[in-house]
Amino acid sequence: MLKKLRISIVTLALLGGYANAELVIDVQGVAQPTPVAIVPFGWEGSGPDMPLDVAAVINSDLKRSGRFAPIGEDKMLQKPTNGADVDFDDWGFVDVEAVVVGSVVQTGDNAYTLQFQLFDVFGRRQLLGYRMPASRGTMRGATHRAADMIYEKLTGIKGVFGTKVAYVTAVRQGQGRLYSLIVSDQDGENEHTVMESTDPIMSPAWSPDSRQLAYVSFEGNKSSIFVQTLRTGNRFKVSSKPGINGAPAFSPDGRQLVVTLGGVDGNLDIHVLDITSRQTRRLTTHRAIDTEGTWSPDGRHIYFTSDRAGGPQVYRVPAKGGSPERITFEGSYNARPRLSPDGSRLAMVHNDRGNYRIAVMDLEKKNLLVVSTGRQDESPSFAPNSDILIYATRQGRNGVLETVSADGLIRQRMASGSGDVREPVWSPFPRF
Amino acid sequence: MIRDANNIIPVSMAVLLHVLLLGSMIVAFDLSRTMPITPLAIQATLVTEIPDVTPPRVVRPEPEPEPEPVVEEPEPEPEPEPEPDNSEELRREAEEEKRRLDALVEKERLEKIRQQEEAEQERKEKEAAERKERDEAERKKREEEDKEKKRVEAEQKRQDDIRRQREENERLRRDAEATARADEIEAEEDRFAAVDSGELAVYMAQIRQKIERNWSAPASAGAELKCSVRVRQVPGGEVVGVTILNCNGDDAVKRSVEAAIYRSSPLPEPSDPNLFDRNILLNLSIRQ
């Protein structure tokens, strides 16, 4: 009787559409580095080696982003230097999802062609292919640009491998210290000293066109704000008022600086300075400390640190002038605000259970996420793709630089100058 | 010599003279000859026929070569009477002439007969040829008809064969269907049994874990990501098709999903073969 019942149920099920039967499985993934392969590039030219190991630089860029896991050369079943030779089965076999192949060909005394192709292994098709001219001097920049294109194609996020960072180092020299303002590639290569002084240098800031740096120098035993053009080394003083001149930051149109001026009475306040005319306009008048001003990307507000509520918190005031409003309410200490270039997030130094750490706040959702793990982390700065932050942390007695993804998941130590490294700032995208 | 056109006038005049002489002297002279002769041949008709040297063909009308010379001599001129002393010689000459004439006439007659026989022969040949043609045509026609008939027969047979084959196939198909249905029912029953025993949950978990392990979700895969993907596999677990049905992720996410599935091929196999399904629907999201 039971069997009969069962058969009838089964028959009903069959009538209901046998062909539609299928397993339904829920899969939950986590962000993991994507396995890729950067095949050593081919070389055609005078001399045994190409001017720069292009594949190695791309490999390092992608790996440091934390989003890719390039496989070692020893795992590669084939090493093509041309797209036509790529065998998708070979790469699928070693579980690699994307492959980069390319070559460097010398075309003149100091002229080369850098060519690369990016392939989707399981989709079995080419995703990118470019050919770029370069000289020995520009080869590294061209390679970073290639890495940017590959990164953006594979993640949908703009790459920042071609950008630069500026920071200050302090090295013991005799009785005192030698302070240097340094600009390097975002991977720490190509360090150039922009300014050197036996007096402290502080608060570097990039101009929006990435051609100039503003900074505070204590030369002559007083604080002054300078703006220096990187290519020429020429600089001019923009503010040397009595008292403190500090914390410069460029406006989005590059014509103004928000600065902290102490004035005669020593009350630190936010001012807006026109670079050409050197005229200043006062924005805050509170007797509390108001400092560390920074512009919003739309140019409408200036965010700053103020302790008017008793302890440091982040406020903002309309750039044209008005009443400041408080932004941070979580924790007793929030300072040194910096907005992401896409305007969606705010990074700051936040006191997290006694540790000074970097935190990121979503300006819309208002939730705070702590992204660093040190005890005295400071000076956060967003990369121009709003996806990575650089900051200074301490390792022993020295300051070192670290980068972290905006979601806090991927952290990298940056190889930077020797000595005590501090106050890193990430350049905007270079404008060609 | 007689047939030579240049001699026509003198010859005709000589002949005429002799005939007139003979006719006036011998009324009923019975010529002893070996060959019979029709009176018609001797009379005027012969005279008029002789100048016409080319005998008329039965088949082909021919333009008269030179009728003019005959016309130009409408009236035979009465010849002056010869002397009567020459009667014996004349008679001999007449005889000779007569013999020549007879020979001519005979020749003429024979020629005519020959021509007639020739014509007859030709006609007969033509007839024979025509008959042969007709026969040939008949034969061909019959052959054609035979061929056609055979063709139609063959075609008919072919159609019959096809129809028979179709019927056979139909019967086989129906049989196969019935068997398949019976098999399906049995498999479904087994499946229910397997599901009941929890083996299905294990199988699904194995697939899920393998794909999760192999999925490198990119940074752009946000918390709100939802992708549904149909996976087709063959027994053994080899993935033979991946179709993304609905996905709110960008290209990098879609690529990563495809890669995750292919990297997981061959998929784990169930302990109970009845649980195997060719189609799997995956619902992908990001672990929160």
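Predicted model: local features only at pLDDT ≥ 70, side-chain atom pairs only at ≥ 80, totals over all residues.

Residues are numbered from 1 along each chain as its sequence is written, and chains are lettered from A and ligands numbered from 1 in the order in which they are written.

Q: How is α2(A) oriented to α4(A), given that their axes cross at roughly 45°?
A: Helix α2 (residues 54–64) and helix α4 (residues 139–155) of chain A have axes, that is, lines fitted to C-alpha atoms over the stretch in contact with angles from 0 to 180 degrees between N-to-C directions, that come within 9 Å. Angles under 35 degrees count as roughly parallel, over 145 as roughly antiparallel, 65 to 115 as roughly perpendicular and the rest as oblique. The crossing at roughly 45° therefore makes α2(A) to α4(A) oblique.

Q: Which strands stand at the edges of the open sheet of four strands in chain A?
A: The order is β27-β28-β29-β30 with antiparallel pairing, where strands are DSSP runs (E, at least two residues; helices are H or I, at least four) and two of them pair if DSSP finds at least two bridges between them. One side of each edge strand is left without a neighbour in the sheet, because each has a single partner strand, and these are β27 (378–382) and β30 (411–414).

Q: What is the bridge partner of Leu389(A) in β29(A)?
A: Strands β28 (residues 388–395) and β29 (residues 398–405) of chain A run antiparallel and are joined by eight bridges. In β29(A), the partner of Leu389(A) is Val404(A).
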